[in-house]
Amino acid sequence: MRPLRFALAQGLLLNEALAALRAIGVDVSGVTPGGRRLVVDGGDIELVLARPSDIATYVERGAADLAIVGKDVLLETGARVMELVDLGFGACRFVVAAPPGVMERSLDEYRHLGTLEVATKYPNVAERHFRARDIAVEIVKVAGSAEVAPLVGLADWIVDLVATGNTLRANGLAVVEEIASSTARLVANPAAYHLRRREIAPVVERLAAWAAAR
Amino acid sequence: MNQQSAIRPPRGFRDILPTEARELGVIEQTLAEVFADSGFTPLHPPLLEYGAADSAKRRRIQFLDSDGSLVALRPDLTTSVARLVGGRYRDMTGVLRLSYIAPVFREEPAMSGGSREVLQAGVELIGGDGALADAEILALLVESLARCGLPICESTVQVGNIQLVSGLFAALTEAARFEVVDALRQGDIAGGLRRAREAGMPLDELERAGRALTGVEGDTDGAEARELCRVIELARERWPGNVERWGVPNAALVPALPYYTGIVFEAIHPDAGVIASGGRYDLLIGAFGTPRPAIGFAIDVLQLHRALFADAWRPRRQRPLLLLRASADERATMRCAAALSAGGMAVALGDVAERAGRAVIEAEVIDERRVKLADGRVAEARALGAEIDS
């Protein structure tokens, strides 16, 4: 059987994910953030770097056994994986945001036009949220910078992922409502988790202890 | 409809061509024999069942029937069997042993590589209760896989129990416990444990639950865990197999399907993932009439095939096929073919381009009793079958 394959999300979570793995004794010296090698031998564990949204796919389909990935990615992709440990870092929130004072106008528009336009990079999270709240919206999917949408008249509201809220403020937007909060998770492919529990359990135990001690 | 969509099946569906179909046929035949050897009788529920409003959540493929009612391609067979037992066997209180080999259909998001048609082979034991029934069905699953040629190792079969999982959170109120188990069904152990902590579960019990769900397998204690081990031991007595200790007790095994009430199990292969799953569902038939205890399993035949293929399995060889080249005398050609068949040969007139891995022998008709083989030898048509077999 191949060594346990551990997928890591490139981007904001990578440094802290590497720190966590280093702390529990995984050799991550071969990984260079921004480097070109994407599959790295880490002793008993093989490390794979990938885009955050692909990580969920890797783990769901069993191409990787374990991964550290944000809950935001799991919520958006709906990937069927096992969430084992809340690692606590990488905190952010899915929010509905709009320019301040737009509420009055939005409600008027909703009455007359029957729907609101919501721009987002996260159409699944946005759609689920507004359906649960029974609000009719048109989701406009954008590939980046949803916060510009209300400024240029692309949409009334946005659904976005925020950590500090600075970007929203800089674009004159305010949080209307919080949808869900997110932190980094240790996740596993379900079949691999059951089949290779003996190898995975110590990783879970050490990462849980590491997360609890922070 | 553009030309491309006319020559390809819809997303998530595919053609199964002869090489694969032959191998699947061998697996299906073996499974049908194993099921019959334990007294299970095949039945065929319909392809369509009535649909439901929450189809997105349950991943059903649904559409409107011509009379306007909402119908669904059956998403699993256990529910169909429960429905028909609740109706057609309403007055029969004895034990039923039913089996099926049939496709089920599930919605999968586009571009995810997921198949929407799944071939299932399974059994349902209705009216059977207690550790013996649990162990018998668990053993039958392992026997089914083993007789198809799957090597069974210690961790191939994982066994959990919904009661055991529920019992780990006995300190919580019913509502909180329901939320925790619901999170576990979705694979969210971290979320389930957090919910339990927020609901005021004592720390030592929380730790015990955490150990059972994320610790090394079998790391469980208490009466329910002992009972689980006893069922596995009983099942090993029924199907000793060739590994001494198959079956791993696993509290973290909480299937997504909501109807399980007791023992649950999965067979897992390192390359193919989950190839079979099952468990006890004592309340499901009650939804269609009188409640009856029931337990069953379903094998994903295509995943089993994938696992067998990964382990270098190939189906046993078929008898070779004789490709018979006709002579100018058409009547003599047909009589010669008849003589070959009577002698036990498999015969096709002309050529076959798609041989699906089957060995062929070529021969030419001489007259109604004799053929000339490719090496120039002349053989008696009626005797050739016996000659090839020996």
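**Notebook: charges, salt bridges and a sheet**

I began with the charges of chain A: the mean positions of its 24 positive and 26 negative charges are 6 Å apart. Lys and Arg were counted as positive and Asp and Glu as negative, with His and the chain ends not counted. I took the place of a charge as NZ of Lys, CZ of Arg, CG of Asp or CD of Glu.

I note that this is a predicted model, in which local features need pLDDT of at least 70 and side-chain atom pairs count only at pLDDT 80 or more, while totals for chains, interfaces and linings use all residues. Residues are numbered from 1 along each chain as its sequence is written, chains are lettered from A and ligands numbered from 1 in the order in which they are written, and side-chain values use heavy atoms, with hydrogens and water left out.

**Chain A overall**

I listed 9 helices and 11 strands in chain A; helices (H or I, at least four residues) and strands (E, at least two) are DSSP runs, numbered from the N terminus. Along the principal axes, the C-alpha atoms of chain A fill a box of roughly 60 × 35 × 30 Å. Of its 214 residues, 49% count as buried. Buried means under 20% relative accessible area, exposed over 50%, and partly exposed in between (1.4 Å probe, protein chains only).

I put the accessible surface of chain A at about 10200 Å², with 50% of it belonging to carbon and sulfur atoms. Areas come from the Shrake-Rupley method with a 1.4 Å probe; for residues, only the protein chains shown count as cover. Among contacts (heavy atoms within 4.5 Å) in chain A between residues at least 6 apart in sequence, 71% join residues at least 24 apart.

**Salt bridges**

I then turned to salt bridges, each a side-chain nitrogen of Lys or Arg within 4 Å of a carboxyl oxygen of Asp or Glu. The count over all chains is 35.

I looked up B:E154 and A:R198, whose side chains form a salt bridge at 4.0 Å, N to O. The pair joins two chains, because B:E154 lies in the loop between α5 (130–147) and β7 (157–161) of chain B and A:R198 in helix α9 (residues 197–213) of chain A. B:E154 is partly exposed at 41% relative accessibility, and A:R198 is exposed at 52%.

Next I checked B:R147 and B:E143, which meet in a salt bridge at 2.9 Å, N to O. They are 4 residues apart in helix α5 of chain B, so about one helical turn separates them. B:R147 is partly exposed at 34%, whereas B:E143 is buried at 11%.

I also found B:R195 bridged to B:E179, with the closest N and O atoms 2.3 Å apart. This pair links distant parts of the chain, 16 residues apart: B:R195 sits in helix α8 (residues 189–198) and B:E179 in helix α7 (residues 174–185), both of chain B. B:R195 is partly exposed at 25%, as is B:E179 at 39%. I noted one network in which salt bridges that share partners join A:K71, A:E83, A:D86, A:R185, B:D188 and B:R194.

**Sheet in chain B**

I traced an open sheet of 8 strands in chain B, in the order β1-β5-β6-β11-β10-β9-β7-β8, with mixed pairing. Its edge strands, β1 (41–42) and β8 (248–249), each pair on one side only. Two strands pair if DSSP finds at least two bridges between them. Strands β5 (residues 96–105) and β6 (residues 117–126) of chain B pair in the antiparallel sense over 10 bridges. I recorded B:A121 in β6(B) as the bridge partner of B:I101.
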